[in-house]
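Work through the exercises below with the sequence and the structure open. Each task is followed by a stepwise solution.

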Amino acid sequence: MLELRSLTKRFSGIPAVDDVSFTALPGQVTGYLGPNGSGKSTTVKMITGLLEPSEGHVLWQGTDVRADLTAFQAQLGYVPEEPYLYPHLTGAEYLELTGELRLIPRQRLWLKIEAFLREFGLWEDRYTAIASYSKGMRQKILLAAALLHDPALVILDEPFSGLDVHSALVLRRLIQTLAESGKTVLFSSHELETVERVCSRVVILHKGKAVANDSVENLRGLMELPTLEAIFTQLALRQDPDEMAQRLAEAMRQ
Ligand SMILES: Nc1ncnc2c1ncn2[C@@H]1O[C@H](COP(=O)(O)OP(=O)(O)OP(=O)(O)O)[C@@H](O)[C@H]1O
């Protein structure tokens, strides 16, 4: 179980994440949503240990992750929003390096690497440098690298970035399968239709604060709104997209 307790991050005194608390349970996909700049990636970076919280705590299985960050990170699979890959390595080399850092025995590692590369359709490109991979191919390497060590906690920050329709469908099923196998999955995305399909619960951020933390079904009932998109628009955007589009079109013509 992953637990955030009053997590806060301030940059130059300005809160980017403001007193956020929620729990992500094993066997469930928890959606973490919010408009651009609402604090999603900052939260994820604090969970993964890349950023130190200004206040508050992240607990994994009841223990503060900062007590032993290395042990926590060994159980974590993280797909970051920004694809930081070593472009001079081939796809296979990158996964080999990741697996070695994760201390996966060599023979098992290569079985895994081959399986991931084949399933993701990258086997033919395994000796090609990542520098010449497309955006979607890079995203698949990031996904493979995050899952190679069979982590108990999977954090996905915009994991569909660059994926084609078929790969996105596979990933959607994979996210559900990971939760069904008992993993804790935290899923941050702007793709509300997918979030609505795969998430048991959603946390919605607005300007760094959690404005909802419930199942989509309960939110639909409570807010008397038909879709997650409508709920999100009311809670987090608070502006009519049609009117905004109209104003932008007018700005073009000025
Ligand atoms: N290193 C930093 N220094 C200063 N401000 C930062 C830093 N990182 C993030 N911020 C600010 O914190 C706020 C939240 O940013 P964050 O990247 O967490 O948003 P997000 O919800 O992930 O957005 P997006 O959907 O666009 O990826 C923004 O106002 C951003 O400018």
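Exercise 1. Which residues does Phe-187 touch, not counting residues up to four places away in sequence?

Solution. This is a predicted model, in which local features need pLDDT of at least 70, side-chain atom pairs count only at pLDDT 80 or more, and totals for chains, interfaces and linings use all residues. Residues are numbered from 1 along each chain as its sequence is written. Two residues are in contact if their C-beta atoms, placed from the backbone, lie within 7 Å. With that cut-off, Phe-187 touches Val-29, Thr-30, Gly-31, Tyr-32, Leu-156, Ile-175, Val-195, Val-198 and Cys-199.

Exercise 2. Describe the largest nonpolar core.

Solution. Such a core is a set of buried Ala, Val, Leu, Ile, Met, Phe, Trp, Tyr and Cys residues joined through C-beta atoms within 7 Å. Buried means 20 or more other C-beta atoms within 10 Å, exposed 12 or fewer, and partly exposed in between. The largest core has 60 residues, and Leu-95, Ile-155 and Phe-187 have the most contacts inside it. At least three residues come from each of domain 1 (1-75 + 152-163 + 175-254) and domain 2 (85-150), with bounds from an automatic or database domain assignment.

Exercise 3. Where is Asp-150, and is this residue buried or partly exposed?

Solution. Asp-150 sits in the loop between H5 and strand E7 (153-157). Asp-150 counts as partly exposed because 14 C-beta neighbours lie inside 10 Å. Its phi is near 55°, a positive value in a residue other than glycine.

How values were computed
Helix = DSSP H or I, 4+ residues; strand = E, 2+ residues; numbered from the N terminus.
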